[in-house]
Amino acid sequence: MRDLWNAVSANKTLERILPIMPEGAFLVGGCVRDLLLGGIPTDIDIVTFGSALELSGTIGEALGGRAFALDPRRGVMRVALEHGAVTVDCVPGRGGSIGSDLLARDITINAMAWHPTSRRIIDPTGGLEDLEGR
């Protein structure tokens with residue numbers, strides 16, 4: 001599945017987050033991997049090249065949760081949800097671009113991003129091929 005739009009729009013949490021994500025924000029890592037595999041992500045990671053603090057607050061309001069600093073030194077924010085079945089983390093982008101941010105990640109299948117506006121997968125390390133090759 002290369003077009004993630006159907007999988008993303010079928011997820012109730014993501015369906016509520018997507019309309020409020022700014023242009024410079026991307027779904028990343030395990031969330032993208034899980035969606036590609038047909039799973040339901042329980043850990044939603046968003047890289048933003050805007051304010052992670054502001055985005056997490058907006059997401060918290062939309063989902064009825066509360067944003068707090070998970071790693072204040074790095075600016076990582078988490079949205080705590082009442083039901084606790086899903087976590088949403090908002091992380092400031094590294095290196096000035098999503099490509100640079102992804103290249104700094106640990107393994108190829110976690111170095112993929114999906115941009116909700118363009119609906120395209122960004123995969124600078126070949127994670128999609130690795131995922132397909134298992």
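Author: Keep in mind that this is a predicted model. Let's begin with R105 and D101, whose side chains meet in a salt bridge, with N and O 3.0 Å apart.

Reader: Why is the contact between R105 and D101 called a salt bridge?
Author: The N to O distance is 3.0 Å. The cut-off is within 4 Å, so the pair qualifies. R105 and D101 are also linked with R94 in a network of salt bridges.

Reader: What makes D101 count as buried or exposed?
Author: D101 has a relative accessible area of 1%, and buried means under 20%, so D101 is buried. R105 is at 23%; that value lies between 20% and 50%, so R105 is called partly exposed.

Reader: Which label does D89 get, buried or exposed?
Author: D89 has a relative accessible area of 7%. This is under 20%, so D89 is buried. R78, at 23%, counts as partly exposed.

Reader: What about D71 and R74?
Author: Their closest N and O atoms are 3.3 Å apart, again within 4 Å, so this is a salt bridge too. R74 has 49% relative accessibility; exposed needs over 50%, so R74 is partly exposed.

Reader: How many salt bridges does this rule give?
Author: The count comes to five.

Note on methods:
Residues are numbered from 1 along each chain as its sequence is written. This is a predicted model: local features need pLDDT of at least 70, side-chain atom pairs count only at pLDDT 80 or more; totals for chains, interfaces and linings use all residues. Side-chain values use heavy atoms; hydrogens and water are left out. Buried means under 20% relative accessible area, exposed over 50%, partly exposed in between (1.4 Å probe, protein chains only).
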